[in-house]
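Hello,

Here is the structure for you to look over. My notes follow below it.

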Amino acid sequence: MCVKSWSGRLKWPRKSDSRLSAEEEEDWAYQRGVVLDVSRPGEPTDNTFSENFNGKFHAEYLNAHWFTSLYSAQSKMEKWSRDFNVVRPHCAIWNNLPILLMNGSEERKAL
């Protein structure tokens with residue numbers, strides 16, 4: 001399989017009346033050499049990292065806070081995101097901080 005390098009935004013086709021059907025979406029992607037990789041409905045195990053994050057996000061952020069305004073939600077989200085990405089180590093990345101990987105650091109700690 002050939003993976004194309006891409007920089008920028010992919011222009012997604014639009015229909016005036018509604019979204020593309022699944023068949024139209026697949027045809028559009030195939031014609032452009034795009035491989036669609038999506039989770040199957042009812043199969044959360046297809047992407048366990050995403051499901052793990054979603055669970056933590058719901059438990060630690062959505063279920064833990066009241067939001068009185070959009071500003072309130074944004075400011076609380078920024079604090080939670082900073083804690084999650086900069087302060088708290090993650091076992092899935094050898095108990096390192098995600099910010100180290102985002103910055104290109106190769107430093108890894110042993111478990």
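Exposed here means over 50% relative accessible area, and buried means under 20%. By that cut-off, L70, Y71, E78, K79 and R82 of helix 3 are exposed. Please keep in mind that this is a predicted model.

First, the overall picture. The protein has four helices and zero strands. The order from the N terminus is α-α-α-α. Of its 111 residues, 12% count as buried. Its accessible surface is about 9800 Å², with 54% of that belonging to carbon and sulfur atoms. Among contacts with a separation of 6 or more, 14% join residues 24 or more positions apart.

Now helix 3. It covers residues 70-87, which is 18 residues. At 1.5 Å a residue it should span 26 Å, and its end C-alpha atoms are 25 Å apart, so the two values agree. Its buried residues are S72, A73, W80 and F84. What do the buried residues of helix 3 pack against? They pack against helix 2 (48-62) and helix 4 (98-102).

Next, the core. The largest nonpolar core has five residues: F57, Y61, A73, W80 and F84. Helix 3 gives the largest share, three residues. As background, nonpolar side chains tend to be buried together in soluble globular proteins.

Y61 deserves a look. Its relative accessibility is 4%, so Y61 counts as buried. Leaving out residues up to four places away in sequence, Y61 touches K56, F67, A73, K76, M77 and W80.

Last, the aromatics. There are eight aromatic pairs. In one, the ring centres of F53 and F84 are 5.4 Å apart and the planes stand at 70°, so this pair is edge-to-face. F53 is in helix 2 and F84 in helix 3, so the pair ties together parts 31 residues apart in sequence. F53 is partly exposed, at 31% relative accessible area. F84 is at 10% and therefore counts as buried. Y61 and F67 make a tilted pair, 5.3 Å centre to centre with 45° between the planes. F67 has 32% relative accessibility, so F67 counts as partly exposed. F53, F57, Y61, F67, W80 and F84 form one aromatic cluster.

Best wishes

Methods. Residues are numbered from 1 along each chain as its sequence is written. This is a predicted model: local features need pLDDT of at least 70, side-chain atom pairs count only at pLDDT 80 or more; totals for chains, interfaces and linings use all residues. Side-chain values use heavy atoms; hydrogens and water are left out. Helices (H or I, at least four residues) and strands (E, at least two) are DSSP runs, numbered from the N terminus. The expected span of a helix is 1.5 Å times one less than its number of residues. Buried means under 20% relative accessible area, exposed over 50%, partly exposed in between (1.4 Å probe, protein chains only). Contact means heavy atoms within 4.5 Å. Accessible areas come from the Shrake-Rupley method with a 1.4 Å probe; for residues, only the protein chains shown count as cover. A nonpolar core is a set of buried Ala, Val, Leu, Ile, Met, Phe, Trp, Tyr and Cys residues joined through side-chain atoms within 4.5 Å. Rings of Phe, Tyr and Trp (its six-membered ring) pair if their centres lie within 6.5 Å; planes under 30 degrees apart count as stacked, over 60 as edge-to-face and the rest as tilted.
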